[in-house]
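My notes are kept in the order in which I looked things up.

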Amino acid sequence: TILYNEGASVPLTTKIKNVDGSGEARTLHTGYAASHSADGRYLLFADFDKTNNWDLWYLDTKGDGKPVLLVASPAIEGWPRLSPDGRYFAYVSNESGAEEIYLKRFPQGDGRWQVTVGGGTWPKWSGQGDKIYYARGDTVMEVDVTSGPEPHLGAPRELFTRKPLGWPLLFGWPAGFDVSADEKRFVIVESQGAASSLGGIVIEENWTRAFAK
């Protein structure tokens, strides 16, 4: 299955669909920056509240269908990402005045451990749950994570820096940042020349030829 957002304004509609094309897409909830647990049971997302700004919620797809509050504060929280073992979730908050990544226990939402130093966005867990990758400006970073009664976090390390785009993407970079399951390959957005327009959709034909080599 594949999880995706549908819509051009917030709140977006989160849907799920079989990747083989069979069946119809099923609506899960409205929200933003949604992600799901490794077993597909839990859906984590951000949603806007007029009192508390952006807060974090989760939905148990085997439960009653009602969202449960994870994190609520006057700060902006977003991009919740659950660890592969389901014990912790990473998220972005600007509570310190800058965007940083933190960990909390799931589903209690208690505890609080700061992952990043000097800013960070777009957290992504490694397949084994022993690392968190994230972006700090144009640089992709990683932090070691040792799970236990409390998580132990290593010092952030720089992996590589991509060529600056020179213009912002929707919701900021890296909209296309991802890491393969074996953690040997990264997918990033990179500029291929001056932009003639900041809007529109680009269609790439025969894109599989790029991988034939």
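The entries below go from the whole chain to its sheet, its cores, its rings and its charged pairs.

**Entry 1: Ground rules**

I noted that this is a predicted model, in which local features need pLDDT of at least 70 and side-chain atom pairs count only at pLDDT 80 or more, while totals for chains, interfaces and linings use all residues. Residues are numbered from 1 along each chain as its sequence is written, and side-chain values use heavy atoms, with hydrogens and water left out.

**Entry 2: The whole protein**

I looked up the secondary structure and found one helix and 17 strands. I then looked up burial: of the 213 residues, 38% are buried. Buried means under 20% relative accessible area, exposed means over 50%, and partly exposed lies in between, with a 1.4 Å probe and protein chains only. The accessible surface comes to about 12500 Å², and carbon and sulfur atoms hold 51% of that surface. Such areas come from the Shrake-Rupley method with a 1.4 Å probe; for residues, only the protein chains shown count as cover. Among contacts between residues at least 6 apart in sequence, 31% join residues at least 24 apart; a contact means heavy atoms within 4.5 Å.

**Entry 3: An open sheet**

In which order do the four strands of the open sheet stand? I read the order as E7-E8-E9-E10, with antiparallel pairing. E7 and E10 are at the edges with a single partner strand each, so one side of each has no neighbour in the sheet. Two strands pair if DSSP finds at least two bridges between them. E9 and E10 pair over two bridges in the antiparallel sense, and I noted Trp113 in E10 as the bridge partner of Leu103.

I also looked at the loop between strand E7 (77-82) and strand E8 (88-93), where Ser83 lies. Ser83 is buried, with a relative accessible area of 2%. Leaving out residues up to four places away in sequence, Ser83 touches Tyr88 and Trp125.

**Entry 4: Nonpolar cores**

A nonpolar core is a set of buried Ala, Val, Leu, Ile, Met, Phe, Trp, Tyr and Cys residues joined through side-chain atoms within 4.5 Å. Which members of the largest core touch the most other members? I found Leu70 and Phe89, in a core of 33 residues. E8 gives the largest share of this core, five residues. Another core lies apart from it and has six residues, among them Leu28, Ala34, Leu43 and Leu59.

**Entry 5: Aromatic rings**

I found 13 aromatic pairs in the whole structure. Rings of Phe, Tyr and Trp (its six-membered ring) pair if their centres lie within 6.5 Å; planes under 30 degrees apart count as stacked, over 60 as edge-to-face and the rest as tilted. Tyr58 and Phe106 form an edge-to-face pair, at 5.0 Å centre to centre and with 70 degrees between the planes. Tyr58 lies in strand E5 (residues 53-60) and Phe106 in the loop between strand E9 (100-105) and strand E10 (113-114), so the pair ties together parts that are 48 residues apart in sequence. Both Tyr58 and Phe106 are buried.

**Entry 6: Salt bridges**

How many salt bridges does the structure hold? I found eight, a salt bridge being a side-chain nitrogen of Lys or Arg within 4 Å of a carboxyl oxygen of Asp or Glu.

- Arg112 forms a salt bridge with Glu95, with the closest N and O atoms 2.8 Å apart. Arg112 lies in the loop between E9 and E10 and Glu95 in the loop between E8 and E9, so the pair ties together parts that are 17 residues apart in sequence. Arg112 is partly exposed at 41%, and Glu95 is partly exposed at 40%.
- Arg136 and Glu158 meet in a salt bridge at 3.4 Å, N to O. Arg136 is partly exposed, with a relative accessible area of 28%, whereas Glu158 counts as exposed at 56%.
- Arg157 forms a salt bridge with Asp144, with the closest N and O atoms 2.9 Å apart. I noted that Glu142, Asp144 and Arg157 are linked in a network of salt bridges.
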